[in-house]
Amino acid sequence: MTGRPLSRRHTLKTAAGAAAALTLAATPAAAASAAEPGAGPEQAGKPTVVLVHGAFADAASWNPVTERLQQCGHPVIAVANPLRGLTHDAAHVAARLAAVTGPVVLVGHSYGGAVITQAAATAPGVKALVYVSAFIPDAGEVLGELAARFPGSQLEASLVPVPVPVPDGTAGVDLYIRPDRYHEVFAQDVPRPTTRVLAAGQRPLSASAFTDRVHSAAWHTVPSWTLISSRDRGIVPELQRFQASRARSRTVEVPSSHLPMYSRPDAVVALIRSAARSVTP
């Protein structure tokens, strides 16, 4: 192409016009992103799945499940459960739920089951509860007493208490699973290299969690689904079955340790998706 070189003014005008065109073209997507971070067209109409981890773990314990749910187009939030006691933890999760727009499928693993039971009672957006190898207490119950009703758990004998200060200046106690017992008690069907990493990074549970009294139980009014781990050495299967029956929960049973998110992630995802399908947008 021949002709006179473009002037600097003409070049700037052309670049500004191109930038404006790109901005206009991107506006709908940008608006959608601002309204619903992380949302895509495939997520339209699906409830948000909120995952609450249990003791001796963190939100990363849900990673195999989170990845699969996202691949299926579900919006997912894996909450950081403080593990500072039932009242505190339930209030923290309830506050996180209040920031979610639209219906929620609320999922709890292990001690996280007790947390979601209480948190959902003040969260009207929760339309389904899913319990995974979990505590499902009723109002007025204490987790330590509930667990004692069905003996056989190997967890208590494997715990290490560590004295710690609490915010009000008094003394508290944090509980850890002994690293050399983590595999056998928590996840005997998960590869040892994986459980060694999980044991090294475990987050402690305040001992007060086993003595706090449950204030309310959302499963009386919110439909629930339960995955029972038939080889669980932490929360014994008999307790899981009793709780699920009492809550009139839709139940599946898998031959898993206490950590089915790693050993049976497809079964966990299938149950969560079943609950999600019951939720009307």
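1. Is R178 buried, partly exposed or exposed, and at what relative accessibility? R178 counts as partly exposed because its relative accessibility is 33%; buried means under 20% relative accessible area, exposed over 50% and partly exposed in between, with a 1.4 Å probe and protein chains only. R178 forms a salt bridge with D180, the closest N and O atoms lying 2.7 Å apart. D180 counts as exposed, at 55% relative accessibility. A salt bridge here is a side-chain nitrogen of Lys or Arg within 4 Å of a carboxyl oxygen of Asp or Glu.

2. On the basis of the note: this is a predicted model, in which local features need pLDDT of at least 70 and side-chain atom pairs count only at pLDDT 80 or more, while totals for chains, interfaces and linings use all residues. Residues are numbered from 1 along each chain as its sequence is written, and side-chain values use heavy atoms, with hydrogens and water left out.

3. A search of the whole structure finds eight salt bridges. In one of them, R68 pairs with D266, with 2.8 Å between the closest N and O atoms. This pair links distant parts of the chain, 198 residues apart: R68 is in helix α2 (residues 63-71) and D266 in helix α10 (residues 265-277). Helices (H or I, at least four residues) and strands (E, at least two) are DSSP runs, numbered from the N terminus. R68 is partly exposed at 28% relative accessibility, whereas D266 is exposed at 53%.

4. E184 and R233 also meet through their side chains in a salt bridge (3.2 Å, N to O). Here too distant parts of the chain are linked: E184 belongs to helix α6 (residues 179-186), and R233 to the loop between β8 (224-229) and α8, 49 residues apart. E184 is partly exposed, with a relative accessible area of 26%, and R233 is partly exposed at 27%. Salt bridges that share partners join E141, R149 and R246 into one network.

5. Q240 lies in helix α8 (residues 237-246) and counts as buried because its relative accessibility is 1%. Beyond its neighbours within four places in sequence, Q240 is in contact (heavy atoms within 4.5 Å) with residues including S133, A134, L227 and D232.

6. An open sheet is formed by three strands in the order β5-β6-β7, with antiparallel pairing; two strands pair if DSSP finds at least two bridges between them. The edge strands, β5 (159-165) and β7 (205-206), each pair on one side only. Two bridges join β6 (residues 171-177) to β7, and the bridge partner of D174 in β7 is S206.
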